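User: I would like to go through a model with you, one topic at a time. Please have a look at it first.
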Amino acid sequence: MSELSDLYQEVILDHNKSPRNYRKCENCNHDAEGYNPLCGDHIFIYIDLEDDKIKDISFQGSGCAISKSSASLMTTILKGKTKKEAEELFSKFHEVVTSKIGSEQDLSNLGKLAVFSGVRDYPARVKCASLAWHTMLNALKDEKNLSSTE
Amino acid sequence: MNKENTQTVLELSENPLRNFDVEKIRQDFPILQRMIKGKPLVYLDNAATTQKPLSVIDTIKDYYTMLNANVHRGVHFLSEQATLAYEESRLKIKEFINAVSACEIVFVRGATEAINLVASSYGRKNIKEGDEIIISAMEHHANIVPWQMLCEEKKAKLRVIPMTDDAELMLDEYEKLLNEKTKLVAVVQISNSLGTINPVREIIVKAHQRNIPVLVDGAQAVSHIKVDVQDLDCDFYVFSGHKLFGPTGIGILYGKAELLQEMPPYQTGGDMIRMVTFEKTIFNDIPNKFEAGTPNIAGAIGLGAAIDYLKYLNMNQVAKHELDLLEYSTLRLSEIEQVKIIGNAKNKASLISFVLENIHPHDIGTILDSEGIAIRTGHHCTQPVMQRFCIPATARASFAFYNTKEEIDKLVSGIYKVIRVFG
């Protein structure tokens, strides 16, 4: 049985308490809004993309510890990455939080994001963890539609 | 009245549970013996759905084991027996809410379908351009969206009775909303996200002074307070079986016979007709006119068993126990500095919605779940209520008569654990 501490790992609690890059990015040229109607998580992602590289990325919004820390960690990891690298990390992250309970998880190259591996044991919380990522992808695609994990 | 009193006394003297014993009652509910994540289940999500006593579970099993046949059709033994059981259940429900006649009881899927039925049948026939429908600020989405769609279709207007910061409806504002354009009032009796018990009787009296019919959403009320549709004089009353210790997928639309008779069918097909030719169809009488197709027979019979179970309890003592639970949980939660209770109406059902400073309700729910405690977190299908109180969501503990003070103590310890984790 999974332990609560697998979900709420120290890193997650820390990012929830003091979220990084929690601001509106002044020179952003890409942004998107994400909303999870199930729990009311609401997020805005701002990206400054220069020559296909994420020069700056930040977020604002309100949500649970999982969604907030996921957004915060995501911004620290994606800064400096190319658009393609960001998309690859999205797929990897998505795989980790949605993989079948009990199956092997490939946590290599995930770095700090590996702390979200416990989320898959809490199916109701997968959407919380992935909201920021879906919104980030939409921002990169310049989709102005509201992102939703529904 | 006298007859009723005699009956109560008789029931009490025959009732082995007349001295309300919560531990005995808990044994009637098999799921309450379950362990969740290694801990005894503490089920505090009764406003979402209630647990089922063994008698309801057995009734459904017996129906499929011994009685299964289609109703109102066959001349064979089983079909007759199934029809009898199905119609007997309708009678039990008629008595339970004190309707004048069993033909006023329509079996539907739940409160949501009942409201949709009225909106689509009564509403489409009677609401015209420029008319107004009044609802309240604390409605469940099920009592907002059907009216909103009807208003859009008919170019009518939806008006909303506002509420105070304590989550009480502002009746003086309601009176101001009533006018010659008002064609219907639809209001919730007990709010599912705030616990407020609304003065529906007063609301109905005011509407009836202008001959405006009133629909009451009783989804949360039926399990907590005695409902008497004649005393209320409501025109429609809706509720779901699964919130009344019965099965899911079955619910009730009560409507005054004269209103139901004038209403066009909601769905068409088998069982709701008297005669069909390719030129014309003559519809069946009420309530069958509104029960097209094979109904949820097992569900209807199961709901009858739930009502039998409730008769077996002394509802006055149930009400007292629930009030104790509400008072105790309000007291204990108020002691926690970080807790803010949402919904402080003077007249309140045994339900407590709260938020914790800087901690999202979803995180509260997950931590409590790890202690075996089931609560609901989110907007409870009442997003306008959340907007009214400027919060994204609440955590809600909702009680039934089988809950105990010890369970509230566990909830309180659980909340302290939440604060420790996120502190």
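User: Is the crossing of α3(B) past α11(B) left-handed or right-handed?
Analyst: This is a predicted model, and in it α3(B) passes α11(B) in a right-handed crossing. Helix α3 covers residues 54-67 of chain B and helix α11 covers residues 297-312 of chain B. They pack at an angle of about 145 degrees, and their axes are 8 Å apart.

User: Which residues meet there?
Analyst: On α3(B) they are B:Ser55, B:Val56, B:Thr59, B:Ile60, B:Tyr63 and B:Tyr64. On α11(B) they are B:Ala298, B:Ile301, B:Gly302, B:Ala305, B:Ala306, B:Asp308 and B:Tyr309. By class, this contact of α3(B) with α11(B) has nine nonpolar, three polar and one charged residues.

User: Let us turn to the sheet in chain B. What is the strand order?
Analyst: Seven strands of chain B form an open sheet in the order β4-β10-β9-β8-β7-β5-β6, with mixed pairing. Neighbouring strands of this sheet are turned by 20 degrees against each other on average, direction ignored.

User: Why do β4 and β6 of chain B each have one side without a neighbour in the sheet?
Analyst: β4 (105-108) and β6 (157-161) of chain B stand at the edges, and each has a single partner strand, so one side of each is left without a neighbour in the sheet.

User: How do β5 and β6 of chain B pair, in the parallel or the antiparallel sense?
Analyst: Strand β5 (residues 132-136) of chain B pairs with β6(B) in the parallel sense, over five bridges. Within that pair, B:Ile133 stands opposite B:Leu158 of β6(B).

User: And which strands does α6(B) touch?
Analyst: Helix α6 (residues 145-154) of chain B packs on the sheet and touches β5, β6 and β7 of chain B. The direction of α6(B) makes about 145 degrees with that of β6(B).

User: What does α5(B) lie across?
Analyst: Helix α5 (residues 111-126) of chain B lies across β4, β7 (182-188), β8 (214-217), β9 (236-240) and β10 (251-255) of chain B. Relative to β10(B), α5(B) runs at about 35 degrees.

User: At what angle do α5(B) and α6(B) pack?
Analyst: Their packing angle is about 20 degrees, with the axes 9 Å apart. That makes α5(B) roughly parallel to α6(B). α5(B) passes α6(B) in a right-handed crossing.

User: What makes the contact?
Analyst: B:Ile115, B:Asn116, B:Ala119 and B:Gly123 of α5(B) make it with B:Pro146, B:Trp147 and B:Leu150 of α6(B). By class, the contact of α5(B) with α6(B) has five nonpolar, two polar and no charged residues.

User: Now the backbone. Where is the cis peptide bond?
Analyst: It joins B:Ile286 and B:Pro287, with omega about 5 degrees. B:Pro287 lies in the loop between β12 (281-283) and α11 of chain B. Most peptide bonds are trans.

User: What is phi of B:His72?
Analyst: Phi of B:His72 is near 60 degrees, a positive value in a residue other than glycine. B:His72 is in the loop between α3 and α4 (77-96) of chain B.

User: What about phi of B:Cys381?
Analyst: B:Cys381 has a positive phi of about 55 degrees, although it is not a glycine. B:Cys381 lies in the loop between β16 (376-378) and α14 (383-388) of chain B. B:Cys381 is partly exposed, because 17 other C-beta atoms lie within 10 Å.

User: Finally, how many residues of chain A are in contact with chain B?
Analyst: 16 residues of chain A are in contact with 15 residues of chain B. The chain A side divides into eleven nonpolar, four polar and one charged.

Methods
Residues are numbered from 1 along each chain as its sequence is written. Chains are lettered from A and ligands numbered from 1 in the order in which they are written. This is a predicted model: local features need pLDDT of at least 70, side-chain atom pairs count only at pLDDT 80 or more; totals for chains, interfaces and linings use all residues. Axes are lines fitted to C-alpha atoms, for helices over the stretch in contact, and angles run from 0 to 180 degrees between N-to-C directions. Helices (H or I, at least four residues) and strands (E, at least two) are DSSP runs, numbered from the N terminus. A crossing is left-handed if the near helix is turned anticlockwise from the far one by less than a right angle, and right-handed if clockwise. Two residues are in contact if their C-beta atoms, placed from the backbone, lie within 7 Å. Ala, Val, Leu, Ile, Met, Phe, Trp, Tyr, Cys and Pro count as nonpolar, Asp, Glu, Lys and Arg as charged, and the others, Gly among them, as polar. A residue is buried if 20 or more other C-beta atoms lie within 10 Å of its own, exposed if 12 or fewer, and partly exposed in between; C-beta atoms are placed from the backbone. Two strands pair if DSSP finds at least two bridges between them. Angles under 35 degrees count as roughly parallel, over 145 as roughly antiparallel, 65 to 115 as roughly perpendicular and the rest as oblique.
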